[in-house]
Amino acid sequence: MLNFEKGSAPLYTQLEVILRKKIEHGEYNKGELLPTEKELMERYQVSRVTVRQAMALLAQAGYVKSQRGIGTEVIYDKIEEQMNKVISFTEEMKKHHITMQTSYCEMVKVYPDKIVAKNLEIPLTEPCYCLKRVRDVDGKPLVYTITYLKPVASFPLCSDCYKESLYQYLNEVHGIRIESGEDTLESALPSKEVQKRLQIQENMPVFIRTRKTFMSNGEVLEYSKCYYPGNRYKYTVKL
């Protein structure tokens, strides 16, 4: 319930948090209508102005949209990925019939740190490739990926080559096929860099997928970290 004590957060932000969590937890699903202004006023003992301010925040965050004569509809839909094989993010989104854009892309050659060198199984003195990308859905960042590639080929330092599926590009242009992979899943608070790329607040948890992929000969190809906003993405693991 709301905290009406002096010094507490504004009532409209408290109400927005409550409704947002209800949406995220499935109490209000995509396509359903939220309670009316009058119902929310009575339920939470707040003014019409407070309710409208809370609705405005939800709308700005992409959770709802208001339609005159109809009500406030939930448009939020957490994207769910079923993990049972190695596929690219582009393929993941195609499975959900989601159009995706790359809003940031940078490919450089770097010397690996100890963690990267260990995972790519290369010495610290051997340069590797580092690809950083932000992939957007509906104009909002959904994943920030930092991918390290073992120098098994001469990859161009041209961002245009990597704006679509990386795995498809590696296969079609370089004849490199990913045979298997390992994913580690965890959650954490975002770093400053992740906050900036995903356009989120410092208290928004992120879902982190750390991935290693292997070629058909068993050699490591990729070590990457993918950061997803915790309120927009989830994984289902089939056992």
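Reader: Which residues of the largest nonpolar core touch the most other members?
Author: This is a predicted model, in which local features need pLDDT of at least 70 and side-chain atom pairs count only at pLDDT 80 or more, while totals for chains, interfaces and linings use all residues. Residues are numbered from 1 along each chain as its sequence is written, and side-chain values use heavy atoms, with hydrogens and water left out. A nonpolar core is a set of buried Ala, Val, Leu, Ile, Met, Phe, Trp, Tyr and Cys residues joined through side-chain atoms within 4.5 Å, where buried means under 20% relative accessible area, exposed over 50% and partly exposed in between, with a 1.4 Å probe and protein chains only. The largest such core has 20 residues, and those that touch the most other members are Leu120, Tyr144, Tyr148, Leu198, Val206 and Tyr227.

Reader: Which elements each supply at least two residues of this core?
Author: Helices (H or I, at least four residues) and strands (E, at least two) are DSSP runs, numbered from the N terminus. Those that each supply at least two residues of the core are helix 5 (114-120), strand 5, strand 6, helix 7 (192-198), strand 8 and strand 9.

Reader: How many residues does the second, separate core have?
Author: This second core is separate, and its members include Ile18, Leu19, Leu34 and Val46. Ile18 and Leu19 are also among the buried residues of helix 1. The number of residues in the second core is 18.

Reader: What covers the buried residues of helix 1?
Author: The buried residues of helix 1 (residues 11-24) are Gln14, Leu15, Glu16, Ile18, Leu19, Arg20 and Ile23. Contact means heavy atoms within 4.5 Å. The cover includes helix 2 (37-44), helix 3 (48-60), strand 1 (64-67) and strand 2 (71-74).

Reader: How far apart are the end C-alpha atoms of helix 1?
Author: The expected span of a helix is 1.5 Å times one less than its number of residues. The 14 residues of helix 1 should therefore span 20 Å. The distance between the end C-alpha atoms agrees with this, at 20 Å.

Reader: Is glutamine 14 buried or exposed?
Author: Glutamine 14 lies in helix 1. Not counting residues up to four places away in sequence, glutamine 14 touches Leu2, Asn3, Ser8 and Ala9. Its relative accessibility is 13%, so glutamine 14 counts as buried.

Reader: What distance separates the C-alpha atoms of tyrosine 76 and isoleucine 23?
Author: Tyrosine 76 lies in the loop between strand 2 and strand 3 (79-83) and, at 9% relative accessibility, counts as buried. Tyrosine 76 and isoleucine 23 are 53 residues apart along the chain. Their C-alpha atoms are separated by 7.5 Å.

Reader: Within what arc do the buried residues of helix 6 fall?
Author: The buried residues of helix 6 (residues 166-174) are Leu166, Tyr167, Tyr169 and Leu170. The arc is that of the directions from the helix axis to the C-beta atoms. Seen down the axis, these residues line one face of helix 6, because they fall within an arc of 165°.

Reader: Which residues are in contact with threonine 147, leaving aside its neighbours within four places in sequence?
Author: Threonine 147 lies in strand 6, and strand 6 is among the elements that cover the buried residues of helix 6. At 2% relative accessibility, threonine 147 itself counts as buried. The residues in contact with threonine 147 are Tyr129, Cys130, Leu131, Leu166, Glu222, Tyr223 and Ser224.
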